[in-house]
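Here are my notes on the model, as numbered points. Please read them with the structure open.

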Amino acid sequence: QNAFSELLKPISEQIQAVQNFREKNRGSKLFNHLSAVSESIPALGWVAMAPKPGPYVKEMTDAAMFYTNRILKEYKDVDKKQVDWVKAYLSIWTELQAYIKEYHTTGLTWSKTGPVATAGAKAAPAPPAGLAPPPPGPPPPPAPVSSSSDDSASRSALFAQINRGEGITSGLRHVSDDMKTHKNPALKNQGGPVRSGPKPFTAPKPACNANPSPKAPPLLELEGKKWRVENQENATNLVISDTELKQVAYVFKCTNSTLQIKGKINSITLDNCKKLGLVFDDVVGIVEIINSRDVKVQVMGKVPTISINKTDGCHVYLSKSSLDCEIVSAKSSEMNVLIPTEGGDFTEFPVPEQFKTVWNGQKLVTTVTEIAG
């Protein structure tokens, strides 16, 4: 593990150098370009991100797309070279994800016959076996091979115990009724009256579906005046461009994807989406976010109302022309509204989640409760 850390040190230093360069050039006309690179360059650390290196690179790519979308908006009809740069740069990470998926799906795969990686000329050779993950957190499905035989033996024994399932309780000592405090209150109150407590609560077991329904196919089509975007997974370049004022968009069960809607449209609805990024120009009606999780919505033009309902994790990026937008929320958490600044950055403001209601003698009065953390 120490040798591996030394091997990664040059990459870490270069990533830091890229990020420092961006911070030192905030006044640059190409600040969006620098930010796109700075926000995504940590993806080079995927080699240390077991067991999900691919999703980690995807997350870094999404961070870059916030700035590349701004570049596209600025240079779309002005400088084709900038547009080509965006496509070329994003393709780096797209191809890297494909490479990881093919060769290193759950983490870096080490060759048993290739050359031995060393941290330096005098350093001891790094073990060719897989690297053990840090102790915290649940272990990944395949037990990693440790460089220490003792660690490997103890970890294998632990996994064997866990994999016994319900059999793991077979070695526990039976506790009779006279040893249970709820069966024998005299253990707590010597000489006190014997009382029978309520039956302990047990959660009902979920019904097991022996025949799960087949996975629905991804969909992006115009049906009448409704754009249907459904069941999209890991789709980073979904675009709806041929829009009309009377059209609506309905986005359903899309995961790890980004969608851009160009032009002016009547309304947009996100339903049961997870880790979805939405960028749109103008909406004359309402943008609704329902039953979703970890979504990011960026307004490039104007929108009068955004509704957030039964959603956990929602970031709304407003444009300067949409600051009068009304945001209505219910049964939701982790909501943030980001307001643009003069320098091109955003200032984040959390949406209240907790309220206090009191009776003033005539009616109920509800106010926001601020929790001191």
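1. A cut-off first. A residue counts as exposed when its relative accessible area is over 50%, and as buried when that area is under 20%. Lysine 52 has a relative accessible area of 58%, so this residue is exposed. Lysine 52 sits in the loop that links α2 and α3. Its C-alpha lies 9.9 Å from that of leucine 108, although 56 residues separate the two along the chain. Keep in mind throughout that this is a predicted model.

2. The sheet. Seven strands form an open sheet with mixed pairing, in the order β3-β5-β7-β9-β11-β13-β14. The edges are β3 (238-240) and β14 (346-350); each has a single partner strand, so one side of each is left without a neighbour in the sheet. From one strand to the next, the twist averages 15 degrees.

3. Pairing inside the sheet. Strands of a sheet pair through backbone hydrogen bonds, in either the parallel or the antiparallel sense. Strands β7 (residues 274-283) and β9 (residues 293-299) run parallel and are joined by five bridges. Within β9, glutamine 298 is the residue opposite valine 279. β11 and β13 also pair in the parallel sense, over five bridges. Cysteine 314 has methionine 335 of β13 as its bridge partner.

4. Which way do β13 and β14 pair, parallel or antiparallel? They are antiparallel, with five bridges. Isoleucine 339 faces threonine 347 of β14 across this pairing. Five residues lie between the strands of the hairpin, and glycine 344 takes a positive phi near 95 degrees there.

5. Burial of β13. Six of the eight residues of β13 are buried, which leaves the strand mostly covered. Serine 333 belongs to this strand, which spans residues 333-340. Its relative accessible area is 17%, so serine 333 is buried. Beyond residues up to four places away in sequence, serine 333 touches Thr311, Asp312, Gly313, Cys314 and Glu353.

6. A helix over the sheet. Helix α3 (residues 53-75) lies across β5 (255-265), β7, β9, β11 (312-317) and β14. The helix runs at about 15 degrees to β5.

7. Helix α4. This helix covers residues 80-103 and has 24 residues. From first C-alpha to last it reaches 35 Å, close to the 34 Å expected at 1.5 Å a residue. Aspartate 79 caps the N-terminal end: one of its side-chain oxygens lies 3.0 Å from the backbone nitrogen of lysine 81.

8. The buried residues of α4. An α-helix has 3.6 residues a turn, so residues three or four places apart point the same way. The buried residues here are Gln82, Val83, Val86, Tyr89, Leu90, Trp93, Leu96, Gln97 and Ile100. Their cover includes α2 (31-40) and α3.

9. How α3 and α4 pack. Two packed helices are described by the angle and the distance between their axes. The axes of α3 and α4 come within 10 Å and cross at roughly 170 degrees. Angles over 145 degrees count as roughly antiparallel, and α3 and α4 are therefore roughly antiparallel to each other. On the α3 side, the contact residues include Val57, Thr61, Ala64, Met65, Thr68 and Leu72. On the α4 side, they include Val83, Trp85, Val86, Leu90, Trp93 and Leu96.

10. Asparagine 32. Is asparagine 32 buried or exposed? At a relative accessible area of 16%, asparagine 32 is buried. This residue is in helix α2. Apart from neighbours within four places in sequence, asparagine 32 contacts Tyr67, Arg70, Ile71 and Glu74. From asparagine 32 to alanine 64, 32 residues on in sequence, the C-alpha to C-alpha distance is 9.4 Å.

11. Glutamine 232. This residue lies in the loop between β2 (226-230) and β3. Its relative accessibility is 10%, so glutamine 232 counts as buried. What does the side chain of glutamine 232 reach at 3.2 Å? The answer is the backbone oxygen of leucine 219. Leaving aside neighbours within four places in sequence, the contacts of glutamine 232 include Pro218, Leu219, Leu220, Leu238 and Lys253. Cys254, Thr255 and Ser257 are also in contact with glutamine 232.

Conventions:
Residues numbered from 1 in each chain as written. Predicted model: local features only at pLDDT ≥ 70, side-chain atom pairs only at ≥ 80, totals over all residues. Heavy atoms only, no water. Pairing = 2+ DSSP bridges. Helix = DSSP H or I, 4+ residues; strand = E, 2+ residues; numbered from the N terminus. Axes fitted to C-alpha atoms, helices over the stretch in contact; angles between N-to-C directions. Contact = heavy atoms within 4.5 Å. Expected span 1.5 Å × (residues − 1). Buried < 20%, exposed > 50% of the residue type's maximum accessible area, 1.4 Å probe, protein only. Polar contact = N/O pair within 3.5 Å; in protein donor to acceptor, adjacent residues only side chain to side chain. Parallel < 35°, antiparallel > 145°, perpendicular 65-115°, else oblique.
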